[in-house]
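Let's take a friendly walk through the fold, from strand pairings to helix packing and a disulfide. Have the structure open beside you as you read.

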Amino acid sequence: MKLRKIFALIALVTVCVSTTYAQQQVIDKIVAVVGKNIIMQSDIEEQYMQFRLQGGIKGSASSIRCEILEDQLFQKLMLNQAELDSIEVTDSQVEQELDYRIRYFLSQLGSQEKVEKYFNKTMNEIKDELRENIKNQKLIEEVQRNIVEGLSATPSDVREFFNSIPSDSIPMVSAQYEIAQLVKRPPITLDEKLEVKDRLYDLRSRILKGERFSTLALLYSEDPGSAKKGGELGFHGRGEFAPEFEAAAFALKDGEISEVVETEYGFHIIQMIERRGDYVNVRHILLTVKVSPEALQQAYMELDTIANLIRNDSITFDEAVRKYSDEDDKVNGGYLVNPNNGSTMFAAEELDQQVSVVVNRLQVGEVSSPVPMKTKNDKDAYRLLIIKRKTTPHKANLQDDYALIQQWTMQKLRQDAINKWIEAKSNKAYVKISDDYCGCDFQFDWKINK
């Protein structure tokens, strides 16, 4: 991977821990201008210090600074194009992403005080810095999306790309697994659902009588991500919630409390905090219906019986999936799908830890004993697992690794399209670079100081 690509990623998604070093070492000045966008010496120094602290970056200090500058030039060129194309990012989009990142920092570091100590900034300063970064990132993403829109990797493209790799440079692919599952979800009785709904109606009544929604969410909500924030979810747009939750949330007025809403995750009551166009910020209290130990045991016994039928050749695994599985993936034979590339093959390191432990004890075609799992809506269940296919470590080839090679091909097609765009735009845009950097061996001809 080019160093400049790493620069682009980290520059957009991190907050600089401190600018003190850059301020002490250099007198700040403008080192480049792209259209109306400027690049400061401190911008270069802050990123340079980040990479030095991370270690593992090879090259002289001057060459690394040159690569940082060119990466900044790429970003400013795309921001310039966003302005020319009148691309806009709404405050709601920025605030939604800001809320997500702050929640991530809090989950990783534990508290607001620890976040502020880590970044050596107040929370308001962190948010102010992130807002600008997020807005610029979203503008750049939209420009890049427009550049690569419509690209696809045809089988001919994939073959051509693979055949262009020198034989001694074909990457090694680690052991790959193709795995299928048969899931049995224990049933939940009507009485169990009604008990949870009654508890929520009681909480709703308490709120309507004057108790604070946020306090009850903190005490009772079973959504760990939002409970500690008083149930607040932050701004979200249409299509981001479960359909039933979305319909109820968008129908509320400011401060209004919903009736009890059932989704695949459980039962909710929702309070509107604020609506901005097609985005809403709401609080909710989630109560889930627990699977009884008796129902779980029954699911285990049913799967154990099915596993024995498969082992005795009374039924094939595929037939058992179609007949008995409670999971939606039964229509494709129960195959697990790799979220990284959309294929059914997984490298060992891509497997869920629990799945990895089970399949490491299985031979190809051998069915497991029932193993506990969590469904996508965090419900307890059991499943059988089977290895359909397993490859040993090998050089990549089209027969076994087509999806992976197709992914590589798409990455190259996208990068080629972006490079072509940069080459064309860098010759047309106003670009001025300080003489201090005119000796840089840039990847593109920026027609410096034209």
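How many residues lie between β6 and β7 in their hairpin? There are two residues between β6 and β7. Before going further, please note that this is a predicted model, in which local features need pLDDT of at least 70, side-chain atom pairs count only at pLDDT 80 or more, and totals for chains, interfaces and linings use all residues. Residues are numbered from 1 along each chain as its sequence is written, and side-chain values use heavy atoms, with hydrogens and water left out.

**The hairpins**

Helices (H or I, at least four residues) and strands (E, at least two) are DSSP runs, numbered from the N terminus. Two strands pair if DSSP finds at least two bridges between them. Strand β6 (residues 261-263) runs antiparallel to strand β7 (residues 266-276), and three bridges join them. Within this pairing, V261 sits opposite H268 of β7.

β7 also pairs with strand β8 (residues 279-287), in the antiparallel sense and over nine bridges. Here I269 is found opposite I285 of β8. β7 and β8 form a hairpin too, with two residues between the strands, and G277 takes a positive phi near 60° there.

**The four-stranded sheet**

Next comes an open sheet of four strands, in the order β9-β4-β11-β10 and with antiparallel pairing. β9 (345-347) and β10 (371-374) are the edge strands, each with a single partner, so one side of each has no neighbour in the sheet. From one strand to the next, the twist averages 55°. Axes are lines fitted to C-alpha atoms (for helices, over the stretch in contact), and angles run from 0 to 180 degrees between N-to-C directions.

β10 and strand β11 (residues 380-391) run antiparallel and are joined by four bridges. To find this pairing on screen, look for M373, which stands opposite A381 in β11. Helix α13 (residues 293-311) touches β4 (176-184) and β11, and its direction makes about 30° with that of β11. Helix α14 (residues 317-324) also touches β4 and β11, with its direction at about 40° to that of β4.

Strand β1 (residues 30-34) is joined to β2 by four bridges, the two running antiparallel, and I30 stands opposite M40 in β2.

A disulfide is a covalent bond between the sulfur atoms of two cysteines. Counting a disulfide as a pair of cysteine sulfur atoms within 2.5 Å, the model has one disulfide. C66 and C440 form it, with their sulfur atoms 1.9 Å apart. The torsion about the S-S bond of C66 and C440 is about -70°, so this disulfide is left-handed. The pair links distant parts of the chain, 374 residues apart: C66 belongs to helix α4 (residues 61-84), while C440 lies in the segment after β13 (431-433).

| Helices | Axes come within | Crossing angle |
|---|---|---|
| α5 (residues 91-109) and α6 (residues 112-119) | 8 Å | roughly 95° |
| α9 (residues 190-208) and α10 (residues 213-220) | 9 Å | roughly 150° |

Angles under 35 degrees count as roughly parallel, over 145 as roughly antiparallel, 65 to 115 as roughly perpendicular and the rest as oblique. α5 is therefore roughly perpendicular to α6, and α9 and α10 are therefore roughly antiparallel to each other.

Which residues meet between α5 and α6? F105, L106 and L109 in α5 meet Q112, K114, V115, Y118 and F119 in α6. These contact residues divide into six nonpolar, one polar and one charged. For these classes, Ala, Val, Leu, Ile, Met, Phe, Trp, Tyr, Cys and Pro count as nonpolar, Asp, Glu, Lys and Arg as charged, and the others, Gly among them, as polar.

In the other pair, L203, R206 and I207 of α9 make contact with F213, L216 and Y220 of α10. The residues of this contact of α9 with α10 comprise five nonpolar, no polar and one charged.

Key. Contact means heavy atoms within 4.5 Å.
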